[in-house]
Each structure stands twice: as structure tokens, then as C-alpha cells.
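Student: I have not seen this structure before. Could we go through it in questions and answers?

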Amino acid sequence: MKRLFTQVQVQASKPFTSIPKTLAGLAPSASPGQIGAQVGMGLQPKYVVPPIPHPCPYDHLVLVVAREGLLMRQHVPGRDRATERTASYVRVAWANPVRIEEVVVRGDGDGVDERVDWSGSVVVYGVVGVLELFSLIDGSHTVYNVKGVTAIPLVEDKARVVLSALALKNAKVARPSLIASTTLDTLSDPRDDHAEGGAERPRSPEPSTLSSGTTAKYVPPVDPSRSPDLQLQLPSAQSSSSDLSSSDHSVAHSPVAKTLAARLSFWSRLSTRPLVASPTTEDAHVDISGTTSFEGRESLDKIIEDGKTEPAVVLNGILAATAPPPASSEEKHSELEAKIVRECVKEFAKGEMYFSYNFDITRSLQHKQDQIAKAQKQHELLADLDALPSAVSESFQSPVEGLKVSPMSEPNPTLPLWRRVDRRFWWNEWLSKSFVDAGLHSYVLPIMQGYYQVAHFVIPPDPMTHDEDVLVDYIVISRRSRYRAGLRYQRRGIDDDANVANFVETETITRVNRLGVENIFAYVQIRGSIPLFWTQTGYGLKPPPLLASDRTHAQNLNVLRRHFEKTVALYGPHNLLNLAEQHGKEGAVTDAYRQYVRDLDSPNARYHEYDFHEETKGMKYENISKLVEAMGKVFDAQGYLWISDNVIMAQQRGVWRLNCIDCLDRTNVVQSAFARHVLNKQLGAVALLNPQGETRTDTDVVFNE
């Protein structure tokens, strides 16, 4: 079974401008003849780049169901979808394995294919990818937040139903970029909570422009219960659960039984099959497994106490009555596929996924500048060897200190966006494989899991530094790695490929205009689980972390070395800060980490310890300032990226790698303190920080929110 995933709702204050009319027919998908010729020479479509600078992934697509497959093409907002001209469109055939191909419009030359009726098409923001399951076929630099995803079955009849529902939803909900009759001028004030009729309108927070045409926007998570746009096109957990007996006293309707089935049964959220006969209302008690009788509304402890039965027997009886496994292999496959699709939709639609059409959000500003500098060195080397083509521009400038650069420069801007992203943070890479292999670059939209927040604060006048209010834009970006991803307790430590659990790169970007000069600062920190083989069971109030008993000292040391080789190459020398407890249950893992780093003896990995719980006992979080002061020389050595008036003044040389056990609460607090310290240094660099000032400012409010 295959399903096509599309974003059906994002929220943005200003969609990225579409490709100009002069380029509308020159996109990669508009030159199939040339692409086909190059493919015939031995190149696969995914390696073929169009002869023009690569345009961004299409910010609007139209989808329509036809007999030959699911059809899609670029759409320019404001144009009539039925008569809009196009040089080609993409066809996803109703077949398994999936077949994606580009179809050239061969009409009377007006760019309209009369064989396809686009009048009933649906507009979406992009395609997440194609999900293939088993062998059964079942029915302006703006950063966008994925708010809704629809699963489209690649079966004609079912796809028609889903697209029809999606079209009705788009017409009903106020979505300015998908409805031609609605413009930004007709939207209500973003401060209005609801539109007329009670439907909640999309909010449009004020964007923070980093440069001309460059916008980053934070969209806070939305409560699904308050937003009708978050309703997915698949049955919810409640609607897809078992159709249980209507008896108030039945086992199936027992709150205890429902809770246990939801947590312990693999099939509890999927089963729609008829279950065992439910008891009649005359039967006040239900006999399970012939040994246990209980009232449906009694607690589990009371059940076990009265029945004198082992808890395992009671649980098995509840699961057997509430969520029995499917009877046939076909039912198991069908329900398993439904579960996989539902979980995929859930992950992409819960407000943690971000994307951009026209620039790479998976790399930090520092990383991009490093890539541009590396390309410049290669350029200069080839020039010295007289190996450059004559058509290569000689205006390429190196982003070294003292030369003009653009803070938002993109390395290799002529390559497709998917070729430029950091694969560690490209979460839908596998889902996009079919489009990549077909060479449909403008249909591949890389999506990243992480977090975006934009804040603005004002630094009031100070007689020692400045005479007027100064506005500061502050952006926090977190990028979560897709390698060794999973829930805490279930994903700990490191794997055989040297990837650690919960690896996150956090970048803070500061923009401040000082005396008419724009200054851009950036600072990067990383976090990740302790890079050793260890586990922690999810049972108990505070289970102890345990080193893997089946791993040797040599294996742990080898994987630790390989992990730091990868990360040091990306971020420079590491200062490791372990926030876990040095004694008690966490002491064993902490001792092992300390010893293995000592045995590694790498000059690029310096180890530090800070027992967070011990040092801040009694809610004394102000003690973290002592840690910051003690690490002052490390901050001075690391530095930060500083671009002033398009000139690189300084670059970051090294990174903090923080961890606790979960890499969550304790790590968040300390990384926030480190970011605040670096922000003060950055403001001091442009003479906006008075060391003697003691008044509370908006900066404190931003960091305490």
C-alpha cells in the first residue's frame, strides 16, 4: 500500500512569492526533453540539474485525481486552476511499486492539456513524500510550521474521496494562500481570536526580517481541540478504537479496561472488528478467564483483591475482551498499515515540523559561511591550475574576515534544495525518495523537526552606552537529528553507527542595528545522550541508568571516538558538560563517561562536570551563574559568529556539548544560561551593555518566558 502525504495547513504571515512569469515555464519539470536526453546519456534523473539557477520548491501545488493516477503541478496563486497554462505536470500512477513520471503537455501550444480537467483540483503547500507499505494496495526566507497532513491513498476511488474532503475543508476554513478569493487585505486583525461564525482564523504573528526578503516566524503549538484545521483526514484514536458494548457495566466500557487497552494492547486503537458478545444489563458481573468477576467501574486494585487472581491473568483477560488481535493475516496487515499511516500523519502534524521553500533551514549561519569559504578555496585552487571553465564568474567572494558577505548567503545556490540540506535533520528524506529518483526537484520539500521562536525586546537608554531605545531581534532555532530518534527511556546512549539519542543543535541568532549598521550574531550549542552503550528501563518512579552488560570496554571506547570524530568535524573542538548526578543512581554512568573520555585522551574533547541537582538544591538556580563564571575562559576561546555591515568580524571556534540523563530539563536550564551569557557578550561588543546596570530589562522577560 502506498499513500501520498501532503501538508494541508501551514500558518504563515506571508507566503513566499511564486516564480516570476518569465520563469514559470523554465522550472526543472518544464524541460523534460533536455532532462530525458541527459538521462539517456547514463545519468539518473535525480543527478540532473536544470541549466538555469534552480528555482525553489514550488510553494503551491494543485492535485487532481484522474484515471491514470494522482496528478500534480505548480500553481500560481490568483490564476484560474482550470485554465492555467503549464508546460508539464507530474503523474503518480495507481501502481505498486510507485511510479512517478513527468508528463509533457502536447496541446495546441497554449500550455493547456485538454485531457486533464483541473477544475476540481485541490491546492496544497507541498508534498511530504510517498509511504510504501507491504504489497497490499489499500484504499522571502520564510520558515513555515507544518500544522496539518493528509494521507492520500494511491487508489483512485479513495483518493477522490480524500481530495473532495480536502477541497471542502479548504473552502470552509479561512486560509488566505489557498483560496483565490481571499487576500491578505481581507483578513481580520491577528489579535482577533475568532472569525465570524466561530471558526478560528489563522494567526499571523509579526515576522522578524533578517534581511531583505528574509523572514523567520515562530508559530506556537496549537491546541487540537481548539483548531478545526488540525483535524486529520484519518480516523482519530477514539473513532478508530473498538466498537465495544453499550452496557454501562461491561468490561469494554470500564474506565480501567479502556486505559489498560490503550496503553498495553497493540491493536486497541485499531480494531473495528466485532468483539466477543458483551454481557447483558442483567449481568452485574463479568467473568473473565473463568476466574475473575468485577464491576465494570471498579478500580484495578479492587479487581485483583476481590478475585484473588494474579495481576497478569486479570490484564490478559481485560485485553482479550477489549482489544483482541485480528483473526487473519490480511486483517493484521490492514490494521498494521492503518496504524503506520496514522502514526506518520501524527508525527508530521503535531506542530514540530518546519520547512522553507527558498533556503536551507537545516544548517546554521556559521556552517553556511564555512561551506562558502571551503568552496572559495576550491575555486581559487582550480583557478591556480587554470582548470576553471571560462563561463565561471570571477566575482565570487570569500567569506573571510574583512570581506563583504551576506549573512543569509546560501552555499551552492544553483543546486536543488534537497541537495543542500543536512541529512541529519531531513526527516522526510525516505518519503521523498520517489520524487528524488524521478528528478522532480521542485516537488521535493525537505522538512525538519525542531523548534523556532522569535522574540523582540528593547534595550532602554543608558547614560553610559546609548541615548535612545534600541530594538533587538532574538531567534532560537533547534534542529533535532533523525538518527536514533525515539522516546526517552526507549532511546538512550549511542548506537553502533555512533549516533546518540536526542541529539539537538540549538542556534541563537541576534540582530541589532547600532548607529545605522546592522549586526548579526549567531551562537551554536549541541546536546545529546551520554555517548556510551547504556539503557534505562521505563518502569518505576526513577529507574537507574545501567551500562550495557553485553558491551566491552573496547567497544565503548571505539564508538565514543567515532562519535566525536563526526561532531568535531562539524562543530570544532568540544567542551563536554555532564549535568548528571555524580552519586546515587546516575553515578555509575557518570563515572563511566568520565573514565572513557579520559582514556580517549582527545585534545578536542575536554570534560567538565556539574552535578545540577546537588548545586541547585533548594531551588537555588542562581548558583548556575557560578558555573558560567568558572567557564569564562572557555566562552572567550569559543567566540561567536559576528557579521557587521556584511563584514565577518568573528567566528565561533568550538562548541559546548551538554547532557544530563534525558537531555531535557537540566540541559534546557543550563543552555539557556549559556545563551544569556553569550547574548550579554554580543551586546557588549556593540556597546549596548552597561556592566553596572542593575535594572530589570526586557531581556530578562524574554529569557524567563
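**Sheet, helices and loops**

Tutor: This is a predicted model. We start with a pair of strands: S4 (residues 88-93) and S5 run antiparallel and are joined by five bridges.

Student: Which residue of S5 is the bridge partner of Arg 91?

Tutor: Strand S4 covers residues 88-93 and is bridged to S5. The bridge partner of Arg 91 in S5 is Glu 101.

Student: In what order do the strands of the open sheet stand?

Tutor: The sheet has five strands with antiparallel pairing, in the order S5-S4-S3-S2-S6. Strand S5 (100-104) and strand S6 (122-124) each have a single partner strand, so one side of each has no neighbour in the sheet, and they stand at the edges. From one strand to the next, the twist averages 30°. The order asked for is S5-S4-S3-S2-S6.

Student: Which helix packs on this sheet?

Tutor: The helix touches strand S2 (61-66), strand S3 (69-74) and S6. Its direction makes about 140° with that of S2. The helix is H2 (residues 156-172).

Student: How are H10 and H11 oriented to each other, roughly parallel or roughly perpendicular?

Tutor: H10 and helix H11 (residues 587-600) pack at an angle of about 70°, and their axes are 10 Å apart. Angles of 65 to 115 degrees count as roughly perpendicular. H10 and H11 are therefore roughly perpendicular.

Student: How many residues of the contact of H10 with H11 are nonpolar?

Tutor: Among the contact residues are Leu 557, Leu 560 and Phe 564 of H10, and Tyr 593 and Val 597 of H11. The contact also has two polar and two charged residues. The nonpolar ones number seven.

Student: What span does helix H7 reach from its first C-alpha to its last?

Tutor: Helix H7 (residues 365-384) has 20 residues, and 28 Å is expected at 1.5 Å a residue. The span in the model is close to that, at 29 Å.

Student: Which residue just after H7 takes a positive phi?

Tutor: The phi in question is about 55°. The residue is Asp 386.

Student: Is Ala 498 buried or exposed?

Tutor: Ala 498 lies in the loop between strand S15 (470-480) and S16. Though not a glycine, Ala 498 has a positive phi of about 70°. Its relative accessible area is 1%, so Ala 498 is buried.

Student: And is Met 619 buried or exposed?

Tutor: Met 619 lies in the loop between helix H12 (612-615) and helix H13 (624-630). Its phi is also positive, near 60°. The relative accessibility of Met 619 is 60%, so Met 619 counts as exposed.

Key. Residues numbered from 1 in each chain as written. Predicted model: local features only at pLDDT ≥ 70, side-chain atom pairs only at ≥ 80, totals over all residues. Heavy atoms only, no water. Helix = DSSP H or I, 4+ residues; strand = E, 2+ residues; numbered from the N terminus. Expected span 1.5 Å × (residues − 1). Pairing = 2+ DSSP bridges. Axes fitted to C-alpha atoms, helices over the stretch in contact; angles between N-to-C directions. Contact = heavy atoms within 4.5 Å. Parallel < 35°, antiparallel > 145°, perpendicular 65-115°, else oblique. Nonpolar A, V, L, I, M, F, W, Y, C, P; charged D, E, K, R; others polar. Buried < 20%, exposed > 50% of the residue type's maximum accessible area, 1.4 Å probe, protein only.
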